[in-house]
Amino acid sequence: MAGQMAPRWKGKDAKAKKDAEAEALNEPMSKIVSQLQSSLVRSDICGFLSDNSVHLAVGAEQIDLLDKACFGRPVRTVEMDKQWFQLSLEEAFYLSYSLKCLKINGSDTSPQNDEELWHNMKSKKEIFPCFYKAYSHLRMKNWVVRSGAQYGVDFIVYRHHPARVHSEYGVLVLSDGDDKDLNGRLRVWSDIHCTTRLLGSVAKILLVIYVNKNGNSDESPLCLANYTVEERTITRWSPEQCRESCSSC
């Protein structure tokens, strides 16, 4: 990824930060996701679409792995024998379509195939195709991808689990289409200035992911193979960082 900054590991002191880094190196995210994939396949878990998310009931093993891999969030219920997790549409489709480890039921309580699931998710979120392409692009590079709503962006990405490291990028998704919900942003200088200043104040870099559809429609998930992605980082320029160091000044 262009313009990477050094990871900021979490900890109260230097030793704790080194321990967090060592733990992350010992258990890389690719390994954790692979373990989650195997566990979900073995357990044959099936989620179900509910509004703009997917819910699934999981056991203790999946709870631990979903947390470690940073997929979804636990949902409190009165059921003592089950733990429910809520996945975003992008997270659920990634597990179902890209990793082939999760079945998802529709309104008729039967598992949906890729085409049915794609159309269902598009109907719930019109910009889903571009968002999913951006999400899967980052996940396949082993970045942890979480919602960026609290920072005014689409996603926030981490090098590893958020408990071990601070996030490095705030992500905005744009496309070559005419979708105003995506492309109405960053068109004026004030938008760029506000976004970069906000992210800069919390030590993050703005990463713009531009999804080029290359003339393909989004009627099938097969279109994703023909979409391409460009990454651009945008940072604020500080004149003070470029001044000459002079003891006589």
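Q: What makes strand 1 and strand 2 (residues 53-58) a pair, and in which sense do they run?
A: Strands are DSSP runs of E with at least two residues, numbered from the N terminus. Two strands pair if DSSP finds at least two bridges between them. Strand 1 and strand 2 have three bridges, so they pair, in the antiparallel sense. F48 stands opposite H55 in strand 2. The hairpin of these strands has two residues between them, and D51 takes a positive phi near 55 degrees there.

This is a predicted model: local features need pLDDT of at least 70, side-chain atom pairs count only at pLDDT 80 or more, and totals for chains, interfaces and linings use all residues. Residues are numbered from 1 along each chain as its sequence is written, and side-chain values use heavy atoms, with hydrogens and water left out.

Q: How do you know that strand 1 and strand 5 (residues 103-105) pair?
A: They share three bridges, in the parallel sense. The rule asks for at least two, so they pair. C46 stands opposite K103 in strand 5.

Q: Which residues of strand 1 (residues 46-50) lie on the covered face, and which on the uncovered one?
A: G47 and L49 are on the covered face. C46, F48 and S50 are on the uncovered one. In a regular strand the side chains alternate between the two faces of the sheet.

Q: Why is C70 called buried?
A: Buried means under 20% relative accessible area (exposed is over 50%, partly exposed in between; 1.4 Å probe, protein chains only). C70 has 4%, so C70 is buried.

Q: Why does C223 count as buried?
A: Its relative accessibility is 6%, under the 20% limit, so C223 is buried.

Q: How many disulfides are there?
A: A disulfide is a pair of cysteine sulfur atoms within 2.5 Å. The count by this rule is zero. For C223, the nearest cysteine sulfur, that of C130, is 8.8 Å away, so C223 is in no disulfide.

Methods: Helix = DSSP H or I, 4+ residues; strand = E, 2+ residues; numbered from the N terminus.
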